[in-house]
Every structure is written in structure tokens, then in C-alpha cells.
Amino acid sequence: MRRRDQRLMMIAAAGAVLVLAATLTFVGLRDSITYFVAPSELAEKAQSGQRVRLGGLVVDGTLRRDEDGAMRFAVTDGATQVEVRYAGILPDLFREGQGVVAEGTWAPGAAFEADRVLAKHDENYMPREVAEAIKQRGEWKGEDAP
Amino acid sequence: MIAEIGAFAAALALALSLAQGVMGLTASRRDSRAQATAAIAQAAAALCIFGFICLIIVFVRSDFSVAVVAANSHIDKPLAYKIAGAWGNHEGSMLLWCTVSALFGAVLASTRGRQSQGLWSRSVGVQGLVTAGALIYTLFLSPPFARLDPAPMIGSGLNPLLQDPALVIHPPLLYLGYVGLSVPFSLAIAALIEGKADQAWARALRPWTLAAWMFLTAGIAIGSYWAYYELGWGGWWFWDPVENASFMPWLIAAALVHSAIVTERRGSLASWTMLLAIIGFGLAILGTFLVRSGVLTSVHAFAVDPQRGIAMLVLLFIALGVGFGLYAWRAPKLAQASGFAAVSRESMLVWNNFGLAIAAAVVLIGTLYPLIVEAMGGGLISVGPPFFNATVAPLLGVLLLLLPLGPMLTWRVGDMRTALMRLAPAGALALVTLVTALALSGWRAVPAIGLALGVWLIAGGFIYLWTRIERGEGRKLAKLAALPLAVWSMSLAHLGAGVLTIGAIAETAFRSERIVLLTPGESVDFVERRLTLLGVGQTEGPNYTATRAEFRVERGAAVQRLSAERRYFTTSPMPTTEVGILSGIDGDLYVALGEAARDETGAWSVRLYHNPLVYLIFLGALMMAFGGVLSLIALSRRKKVSP
């Protein structure tokens, strides 16, 4: 009898841990995922202050530095340009005219505040999201689908 | 010519691996096929190694008529990186995968131990099929020896980020870990075919799980350190898909290391151990798939090709299909051995396995969720650090809270009250840490709990060692020296977990960072230090030019120099960041040089980080890996005593 109680206790405890883990996972997936948006979808899809990933091409000649050292550049998907502000050192692969993914928040009337900028560490590579965004605009010029 | 010889050796190895698979699986108790299987396994391994050496030779000779050499090497490259270039690309690294798999097959074939002949020859056979699958993939979908016609005069060079000492060691270690998990898989499949998993089987399994886990630990630690100093962001773990791809097999391997102990010592948990072995290898293939297919956006450097990804998924489904199919069919028939009480060493190890497996599942869900959402038309999303910090961290926290209890309990029936009493000093120390950290950090709960956990683990580890020498007669120091190696290895690995926890929490929660614009001669104060930019000049390396900034760092009376570079490689349009790091007892001062200001002020943007106690992260991981090494030595010694 004692043995069965012990087993029941262990199963109950295991079940509790499992439920806890599942809850954490579902709450986590609900609250902390980041949507990917193209510049032309930003106003419509991103609520003010919500974290998103903005992907597109860096517009030639737009890279400059603010007084406080933060970098500013514009990102486009061929339809809309969005101004991005990033207080950090841009990744080595960051180039004007090339694909980039900026992660951060946006509010109407201000620049997109990025706290992370990804430019893939391979000169031939375009982040998949960027390729998707450009393809959706019908501006895709790559030789083959990614 | 050498390339053709290499390709021929690899093709021959494929034929031999297939033969090894067929012979090993069909060997019966009496005939000599089992012996032949072992000989074939050794021949296949020799051929694979020979083929891989051929690949290294074409890289060293910069034979640009071979496609991978032309795409990944350059005549100017230092010799060490020419050699490492052989595995610094997809094709070569896949050949390395095959070679390691064949090599492990040969080692498996020559270490029968006390296994029955059937189990032994079947496991060698399954390993042969694993090697064959990898070779088919390599030779047909990513041939490492393919020629280019006409041959280019000059190679396009290795991705400059990869020109680093870590490239020489990081990928081979990870592959040793990934492929190491194929051996427990082969052993599990063999046991399922035989319908028998005894303690001799678990005994054969243990060194392989330990070796795979140890290689993964070391490989991940070195990769993490590489990312820390190469990417120039000051971070060491980003919950990036590529990192998760290696973390999932690591978690399962850690679970396997513990469950195999129970199966060997007590005969229980055999079917669970098998299930873990199958899942572990599945995750190792999934990891290779995630890294190589590019289905998920990663910050790490890889060339990707979706078509190869599909082939890899096919291999994954074959391995998991066979594994789970056999498991569902045969595992219920396996005899379950002795039971254990709810409070015992076994039950603590069950909890350990439960926690690690759930953590692996959560990482898997988080990593694959973007793919699932996209497949269901939910748009493109990414799951980042906030998710993993909110889910995996608390799970691992609970696991670490329970960890010191495990070794304090005895097998079968343990005494929780005595264990807790003995651990009371560690608990008190952890509470003091908790309160102190809360007060000093302005009531930030999460870091305080993390630091307290680390202290609990370390103090608990020392208390365990104390209980081992406190009993009986004799001088304590003499008894400490006479402790079995197995005790040391376990203690070292567990202490390493505590050290890593403290480092990870300190670095993540208390890091400072700042971006400044500095003109030469200008100074800035940063975390008790005064940093002065002395000057910025040009230097030359073997195949790059660099902009180098020199700094003076004053801290109290101590003055040190530090330099940070941006390197421009002749073969690549992108510069790389070479950060300057000054390590001290309180952590690292980490300086990355940015770009010159676009205006004419002569100022440079400089990113400063202070990463407190960051070295504890790598030290802790190395302690864990070294614990694995000690445990392997302990296991091999034991075999010699009782053959």
C-alpha cells in the first residue's frame, strides 16, 4: 500500500511539473514571440510599442549618425521606407543596399527604435524574411527562390 | 588525382559500411560473420580517415580545381586555416561526420566487453548503416571532391569570421558529440532487435553517452566563447536556432548520462534509456538539419541550401521512424527490473531526467514554433530570448535546486531527512547569498535567486565530498586522496554547473554597456576604469589589413594597454571585428571598435562592455567537460580490473 502511495505521489508531482512547464510554454509563446513585418506593413500590423522584426533593404545613402552616437538608416521593401534608429555598433556585414533585419519597437511618428540588428554573416545571404518581403512586393530579382 | 583517390576511398567506405550493416544485422550466434563485421568496420573507418586526409591534402595544396577548395580557401591563408578549411565548409564537414561515425563503428567493433555476441554484432551493424546513410548523403548531395572545370586561378577565401583558432577545434568537437550520440542509438536499436537490455548492455552504453556529452559540452563552450569574442556584441548565448540545435542534444545527452548509470547499477529504466538514446540521435540529426538548411534565421555563419535540408529530413525520418517503430513494438516486452522508493538515488535521477527531457522539449517547441506558425499560414514570427528565459531558465532552476540532494541519497531507499540536515549549511549559505544579493541589487529577485542557486550547488558539492571522507577511521586528507575517481568526476561536473550558473547570472544581470565617440587623446570613465584612446592606425596581417585602435586603461594605480581592430580581408567585402578584452578578477572589460564618424571630427565610435564574472561561464563548462573526462577514465580503469 505504501509503495502505491509513493508511486501516486511521484506521478502527481511529475504531472504538476508537466502542467507548469506547459503553462510556461504557452504563456511564453503568447507573450514573447516577435512578428516579422515588412516596412509597408509596419503601420498596419505593429501596434505602438510592440516588439517586431523589421526586414528589408537598407536604402543607399541613408546611413548617418545622430549626435548621441546612435546610427540612423532607412529600410525599404520597394514600397515604403521606414527610418530606423539603432544605438549600437552595426554588424560587420551591414551595408547600404543590402538586406537587414532590425528588431525593436515602433511608435507612429517616430523612427523605429532597434535594439538588435541582424545582417547575416555571409555576404551571399539575404535573411529569409527579407527575401519574402521583397518577393511579396513583386520586386524579387534574385536568381532563385531562397 | 588525390581528389579522385579520396572520392574512391569514400565510395569504397560506403560499400563496406553497407556490408557492415547487412553482415552485422544478420550475424547469428554461431557463425563467424560477427568477426567479419568487426573487420569490415575497421576497414571502413580506415578508408574514411584516408579519404578525409585526402581532402586535407587538397586544401593544404590549394588545389583550386576542387570546388570546395576554390569556394572556401585561398592561397594566402595560413597553413592551420588551410587544414581547418577542410571542415570549415558544408561538404568537408559532412565528410568529417561520416569519418567520425565510421571511426566510432570501428571502436564499437573492437570493444565487446561483456555484451552477448548478438547485441554486439547488431550494434556494429546499425552503426554501419548510420555511416552508410551519412556517406550516401555526402557523396550524392554534397560531394566534397567535385572538380571545377576550368579551375580558377585563385580561391575565394574562407569566410573571414571563420579564420580563428576556434574553427580548428569547435566543429570537430561538436561533430564528435553529435556523432557520438549515434552509438547509443545503434546500441539501443540492437537491444530492441535482440529484445534484451541487460546491465552489460548499459555498461557498453555508458562510455559512449559520457563521451558524446563531454564533447558536446566542450564544443558548445568553445563555440560560445568564440561568439563572445568574435561577434563583438559582448554576449555569449543568444538562444539562436543554431545554438538551440546543439543545446537540445546536450540536454538529452546529459539525461542519458544519468539514466545509463541507473540502468547499469540497478537494471531499471532500461526502456527509458533506450528512448533517450533514440531521441538524442534524432535531435543530433535535427541539429545538423537546422544548421545546414537555413530554415530559421540565425546570427551564426553558415552557407545554406534548402535541397540538402530535405534530404537530411528524410534521413531524420528514417532514423526516428525505425527507432520509434522498433521501440513501440519491442520495448513493452523488455523485462523491467528492481523497483525503488520515492526517496532514493534512483528517484532523484528520474527527476533529473524528467527535468532535462522537459527542458529539451521546451527548447524544441520554441525553436520549431516559427516553422509551425508559418506552415499554418500565421505569418513570419521569431521566438527569441524572452521566451527561453521565461521557460527554460525556471525549469533548469528547479533542476539545479534538486541537484545536490541526488548524491546525498543512497540507492533503493534514501533518507531525505539526513540528506537535508547534512545540506543545511549549504542551504544557509545560499539564503545569506539570496538576501545579500537582493539588498545589493535593489531587490532584483531573479539574479539573486540564480546566485543563491549557484552557491547552493557549490556548497552542496563540497558537503558531499565531506560526507565521503568523514566516515570511518584514518586521516581525512588521506581519505580524500583515496576517493574513487567516479566521485571526483561527478563532484567536478556538479561544481562546474554551480560555477557556470553564477557566471551566467552575473554576466546577464549585471552587465554594463556604453557606446561612446572618441577622438584620439580623449578619455572616458567606465565601471571604475578610465579609458583613453591613444590613437588609430593601420596594420597588416598575413591576408588582411586592419584598422587598429590603441587604448590605455587606468584603474586606480594600475595602467594597462588594450587594442581593438577592424580587419579587412582581401578576399571578402566585409570587415570583421576583433575586440579587445582585458580580463580581471571581477570580469572582462570588452572593447569593440566601430566605424569612423562620417563627419570630419576624427572620432571613432567605440562600444564598451563590462561583463562581470564572465570567465566563470567558460570555466564552469570546462569543469563539466573535464568531469566527463575523469568519468571516462574511471570507467576504462574499471574494465581492466574485471574484464
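Strand 6 (residues 558–569) and strand 7 of chain B run antiparallel and are joined by four bridges; helices (H or I, at least four residues) and strands (E, at least two) are DSSP runs, numbered from the N terminus, and two strands pair if DSSP finds at least two bridges between them. Within this pairing, Arg567(B) has Thr576(B) of strand 7 as its bridge partner. Strand 7 covers residues 575–578 of chain B, with Pro575(B) and Thr577(B) pointing one way and Thr576(B) and Glu578(B) the other way. All of these residues are buried, a term applied where 20 or more other C-beta atoms lie within 10 Å of the residue's own; a residue is exposed if there are 12 or fewer and partly exposed in between, with C-beta atoms placed from the backbone. In a regular strand the side chains alternate between the two faces of the sheet.

The model is predicted, and local features need pLDDT of at least 70, side-chain atom pairs count only at pLDDT 80 or more, and totals for chains, interfaces and linings use all residues. Residues are numbered from 1 along each chain as its sequence is written, while chains are lettered from A and ligands numbered from 1 in the order in which they are written.

Chain B also contains an open sheet of four strands, in the order 2-10-9-8 and with antiparallel pairing. Its edge strands, strand 2 (512–518) and strand 8 (580–584), each pair on one side only. From one strand to the next the twist averages 15°, where axes are lines fitted to C-alpha atoms, for helices over the stretch in contact, and angles run from 0 to 180 degrees between N-to-C directions. Strand 9 (residues 587–596) and strand 10 (residues 604–612) of chain B pair in the antiparallel sense over eight bridges. Gly587(B) has Pro612(B), in strand 10, as its bridge partner.

Phi of Leu613(B) is near 55°, a positive value in a residue other than glycine. Leu613(B) counts as buried because 20 C-beta neighbours lie inside 10 Å. A positive phi, near 40°, is also found in Val527(B), again a residue other than glycine. Val527(B) is placed in the loop between strand 3 (523–526) and strand 4 of chain B and is partly exposed, with 17 other C-beta atoms within 10 Å.

The loop between strand 4 (529–540) and strand 5 (544–555) of chain B holds Pro542(B). Pro542(B) is exposed, having 9 other C-beta atoms within 10 Å. Leaving aside residues up to four places away in sequence, Pro542(B) touches Asp76(B) and Pro78(B); contact requires C-beta atoms, placed from the backbone, to lie within 7 Å. The C-alpha atoms of Pro542(B) and Val126(B), 416 residues apart along the chain, are separated by 46 Å.

Helix 5 (residues 90–110) of chain B has 21 residues, of which 19 are buried, so helix 5 is largely enclosed by the rest of the structure. At 1.5 Å a residue, helix 5 should span 30 Å, the expected span being 1.5 Å times one less than the number of residues. The end C-alpha atoms of helix 5 are 31 Å apart, which agrees.

Chain A has three helices and seven strands, following the pattern α-β-α-β-β-β-β-β-β-α along the sequence. Of its 146 residues, 35% count as buried. Among contacts in chain A between residues at least 6 apart in sequence, 53% join residues at least 24 apart.

Terms used:
Two residues are in contact if their C-beta atoms, placed from the backbone, lie within 7 Å.
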